[in-house]
Number of protein chains: 2
Amino acid sequence: MVKQPAPDTTRRSEKSRRAIYDAALALVGEVGYPKTTIEGIAARAGVGKQTIYRWWSSKAEVLMEAFLDLGEQSAREAGQESYAFPDTGDLAADLKAVLRATVDELRDPRFEVPSRALAAEGVVNEQLGRELVAKLLEPSLQLYVDRLRTAQDTGEVRQDIDPRIALELFVSPLAQRWLQHTGPIDHTYTDTLVDYALYGLAPR
Amino acid sequence: MVKQPAPDTTRRSEKSRRAIYDAALALVGEVGYPKTTIEGIAARAGVGKQTIYRWWSSKAEVLMEAFLDLGEQSAREAGQESYAFPDTGDLAADLKAVLRATVDELRDPRFEVPSRALAAEGVVNEQLGRELVAKLLEPSLQLYVDRLRTAQDTGEVRQDIDPRIALELFVSPLAQRWLQHTGPIDHTYTDTLVDYALYGLAPR
């Protein structure tokens, strides 16, 4: 559970909060998850460690909140509501637009370095891995599920398809290339994934 | 480059080689890649560290050879030639069979613990990640490429499909669920991936 700030949260404490997020992301990117500590984050943010413990109970919580905040910042910079998923009535176009934006985010160094540190720890630390999925990944994937369900209603996707599995046909290849350095990622690649997934490899 | 054993390799040195592989896999699973050392592997295998340096130049090389050997052992236990990919003339059946075997391997603790340690390091260490891909992953993926090319010749897969991207529609979802703990993996799941990929999400 993330502790909520008291209602009298001041401008000054918002500034501390942002400094803590920045420090946490920078530190985990530099030294990795195991060596990141609340003390280290506090020192780098220029706050006392009690300031951190007032809001969060663990370094995992600080880091996950820092990523959520980074995602919201990126969305604002791109002029979007956070977590908005387009529905233009053209499923292929909507999926391609979201995946193109994801490629851009994955290649953004502000995001990439700390994300890799956290993702690497999640591979060997199942409990942290499951927390990362529940808090950071699954909420985004559920937006694909919703969009695919709408497409089932309009007849663009077959009724017998499980949307939670279907989304993995285009999301997971991008994730694996990024995580494991198995190939380059760009917009042409993700467009191709969407076309292959929607229309299949077998002749029609 | 991996140094080859001299032609007079004795039974005794093969025993040392196997002990070194076992020690390397056990150690990386226990302490992670950064803390695994040639000295630690030698001590655990009960050999001098010069015995290791006679055959390999780095811990990365020892570990990659140990994984190749483990894969060959598993293939022999399953009664297969190593790296054989079935071609029964039914692409869906062949892909499902290979992916079911991969699920079993991913869930085998002998394989899982050291694999996770190495994969985690590959996420943050791009050079090691690329070596792992080139040596351990890409040779297996090329067997899917070959099988998909045959399916293009027989008309089961469209001519305009790039097989190297196409294989990711079923391989990467399994990889992501395993790496990131994003969902359960079993034979029904991989069978579903193959059906979705071949026939597509859109109505036919």
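Predicted model: local features only at pLDDT ≥ 70, side-chain atom pairs only at ≥ 80, totals over all residues.
Residues are numbered from 1 along each chain as its sequence is written, and chains are lettered from A and ligands numbered from 1 in the order in which they are written. Local features need pLDDT of at least 70, side-chain atom pairs count only at pLDDT 80 or more, totals for chains, interfaces and linings use all residues, and side-chain values use heavy atoms, with hydrogens and water left out.

**Chain A against chain B**

Chain A and chain B bury about 4500 Å² between them, with 62% of it on carbon and sulfur atoms. Buried area here is the accessible area (1.4 Å probe) that two parts lose on being put together, summed over both. In chain A, the residues that lose the most area to chain B are Val123(A), His181(A) and Leu201(A), together 17% of what that side buries. The contact (heavy atoms within 4.5 Å) takes 47 residues from chain A and 47 residues from chain B.

Between the two chains there are 28 residue pairs in polar contact, both residues at pLDDT 80 or more. A polar contact is a pair of N or O atoms within 3.5 Å; within protein, one must be able to donate a hydrogen and the other to accept it, and residues adjacent in sequence count only if both atoms are side-chain atoms. The helices α6 (109-124), α7 (126-154), α8 (163-166), α9 (168-180) and α10 (187-199) of chain A each supply at least two residues of the side that touches chain B. Helices are DSSP runs (H or I, at least four residues), numbered from the N terminus. The largest share of this side of chain A, 11 residues, comes from α9(A). By class, the side has 26 nonpolar, 10 polar and 11 charged residues. Ala, Val, Leu, Ile, Met, Phe, Trp, Tyr, Cys and Pro count as nonpolar, Asp, Glu, Lys and Arg as charged, and the others, Gly among them, as polar.

**The two domains of chain A**

An automatic or database domain assignment divides chain A into domain 1 (1-80) and domain 2 (85-204). Their C-alpha centres lie 27 Å apart. The contact between them takes 18 residues from domain 1 and 14 residues from domain 2. The area buried between these domains is about 1400 Å², of which carbon and sulfur atoms give 73%. Tyr33(A), Met64(A) and Phe67(A) supply 45% of the area that domain 1 buries against domain 2, more than any other three residues.

**Salt bridges**

A salt bridge is a side-chain nitrogen of Lys or Arg within 4 Å of a carboxyl oxygen of Asp or Glu. The count is two between chain A and chain B, and one between domain 1 and domain 2 of chain A.

| Side-chain pair | Distance, N to O |
|---|---|
| Glu168(B) and Arg177(A) | 2.6 Å |
| Glu65(A) and Lys135(A) | 3.2 Å |

**Two glutamines**

Gln176(B) lies in helix α9 (residues 168-180) of chain B. With a relative accessible area of 6%, Gln176(B) is buried. Leaving aside neighbours within four places in sequence, Gln176(B) is in contact with residues including Leu137(A), Val171(A), Ser172(A) and Ala175(A).

Gln142(A) is in helix α7 of chain A and counts as partly exposed, at 33% relative accessibility. Buried means under 20% relative accessible area, exposed over 50%, and partly exposed in between (1.4 Å probe, protein chains only).
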